[in-house]
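Please keep the sequence and the structure in view while reading.

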Amino acid sequence: MSKFLSKRLFALSPYVPGEQPKEKKYIKLNTNESPFPPSPLAAMLARQAAGDNQLYSDPDLKELTLAAQDAFGVSADEVIFTNGSDEILNFAFMAFCENETVFPDVTYGFYPVFAALNGVKYTEIPLKEDFTIDINDYIGINKNIFLANPNAQTGIALTRDEIEKIVASNPNNIVVIDEAYVDFGAQSCVPLIKKYDNLLVTQTFSKSRSLAGARLGMGFACKALIADLNTIRFSTNPYNVNRMTSAAGVGAMRDEKYFKKNCAAIIATRENTVKALNELGFSVLPSSANFVLAKSHKIGGEALYQALKREGILVRHFSTKRLCEYNRITIGSDEEMNTLICTIKKILEEEA
Ligand SMILES: *Cc1c(COP(=O)(O)O)cnc(C)c1O
């Protein structure tokens, strides 16, 4: 730390992203990226846009906005695009969370970091013993709420009706629903933005749309909330989405067939993986995401993570009390998951 750092940032401990090692080629099942390449249309449009990079990108992101209007049935003033959905989550903490804010104790690790960065006071509400969210904890709580749906780290989803109860019962507070994983089997709350002026729904192109490296996120809300978020966007960086990323995002939304096919493939592979893990004696939480949280009764979470890493497979291990017996395993291709299952079998045999 230098002597120049602002006092208000002394205690900030930054988000720790999953490993992206370069020293050898791993099967990467640790950061929930897609095993499939971006849509060919997305890649082609991005390549074309690269030739126009001498000019700034469009601060109004008209092409992206039009594509989102077509894909999601929202109007132009109900959507915003950001540099990854992390950026819009940061904007939301900055813009709307003067009052106390809550989120689950097990969820996306960036929420407490953004809260700290923006001086937001927050409380973590414990998930139930079975890792589900008790919606009664949030109904009428009269605090700002951040929920990932499906929830990060668990993959467990609430229904749209359950979320609507939370949104409707907190009319004087903002409710942010982070739908990073919604395309893998949960109900989207985007339609609810027409009905509630306190709801912000965020989505990302990093997972289901195979564009993690491009950095593109989007938010849906009523016109007034989007206008507030744009005030922040134009006060930080009006060119937050670059030309190539914007073009790739348009391609990803226009190529709906490719998107749907990949989501269906991940869901099918997930179900096969859960079955195989169950047969090996794992407990697996019911996932609606592109990952599963799984615990072996024969080997500890940390030990399995290390053993898999030695075998060239990366999964995500969290050392927190509630998660340390588990590993979070991204759903890759069928071939990658077959290798995973064979490798786990071998590790368990060596353990025994
Ligand atoms: C991956 C993820 C995000 C953010 O992804 P970006 O790459 O910044 O768009 C947000 N929330 C959750 C729960 C995630 O898992």
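The model is predicted: local features need pLDDT of at least 70, side-chain atom pairs count only at pLDDT 80 or more, and totals for chains, interfaces and linings use all residues. Residues are numbered from 1 along each chain as its sequence is written, and side-chain values use heavy atoms, with hydrogens and water left out. Helices (H or I, at least four residues) and strands (E, at least two) are DSSP runs, numbered from the N terminus.

**Aromatic rings**

- A pair of aromatic rings is described by the distance of the centres and the angle of the planes.
- Rings of Phe, Tyr and Trp (its six-membered ring) pair if their centres lie within 6.5 Å; planes under 30 degrees apart count as stacked, over 60 as edge-to-face and the rest as tilted.
- The structure contains 15 aromatic pairs.
- The pair Y56 and Y239 is stacked, because the ring centres are 4.2 Å apart and the planes stand at 15 degrees.
- This pair links distant parts of the chain, 183 residues apart: Y56 belongs to the loop between α1 (40-50) and α2 (62-72), and Y239 to the loop between α6 (223-236) and α7 (243-254).
- Y56 is exposed, with a relative accessible area of 63%, whereas Y239 is partly exposed at 32%.
- The pair F93 and F114 is tilted, because the centres lie 6.4 Å apart and the planes are at 40 degrees.
- F93 lies in helix α3 (residues 84-96) and F114 in helix α4 (residues 110-117), so the pair ties together parts that are 21 residues apart in sequence.
- F93 and F114 are both buried.
- Ring pairs also join Y15, F93, F103, Y108, F110, Y111, F114, Y122 and F146 into a cluster.

**Charges over rings**

- A charge sits over a ring if NZ of Lys or CZ of Arg is within 6 Å of the ring centre and within 35 degrees of the ring normal.
- R209 lies over the face of F259, at 3.9 Å from the ring centre.
- R328 lies over the face of F291, at 5.7 Å from the ring centre.

**Backbone geometry**

- Most residues other than glycine have a negative phi, and most peptide bonds are trans.
- N149 and P150 are joined by a cis peptide bond, with omega about -5 degrees.
- P150 is placed in the loop between β5 (144-148) and α5 (160-168).
- Q153 also lies in the loop between β5 and α5, and its phi is positive, near 75 degrees.
- Q153 is buried, at 5% relative accessibility.
- N32, in the loop between β1 (27-29) and α1, has a positive phi near 60 degrees.
- N32 is buried, at 1% relative accessibility.

**Cavities**

- On a 1 Å grid over the protein atoms alone, a cavity is a set of points where a 1.4 Å probe fits but cannot get out; lining residues have an atom within 4 Å of a point.
- Grid points are joined across faces, edges and corners, and a volume is the space filled by probe spheres set on the points.
- There are three cavities of 30 Å³ or more.
- The largest cavity has a volume of about 50 Å³.
- Residues lining the largest cavity include R209 and F259.
- Helix α8 (residues 256-279) supplies the largest share of this lining, three residues.
- The lining of the largest cavity has three nonpolar, four polar and two charged residues, where Ala, Val, Leu, Ile, Met, Phe, Trp, Tyr, Cys and Pro count as nonpolar, Asp, Glu, Lys and Arg as charged, and the others, Gly among them, as polar.

**Two buried residues**

- E78 is in the loop between α2 and β2 (79-82) and is buried, with a relative accessible area of 11%.
- Not counting residues up to four places away in sequence, E78 is in contact (heavy atoms within 4.5 Å) with I193, K194, G219, F220, A221, K223 and I226.
- R316 is in the loop between β11 (313-315) and β12 (326-330) and is buried at 14% relative accessibility.
- Leaving aside neighbours within four places in sequence, R316 touches residues including Y15, L29 and R328.

Definitions and conventions
Buried < 20%, exposed > 50% of the residue type's maximum accessible area, 1.4 Å probe, protein only. 1 Å grid on protein atoms, 1.4 Å probe; cavity = no way out; pocket = protein on both sides within 12 Å on 5 of 7 lines; lining within 4 Å.
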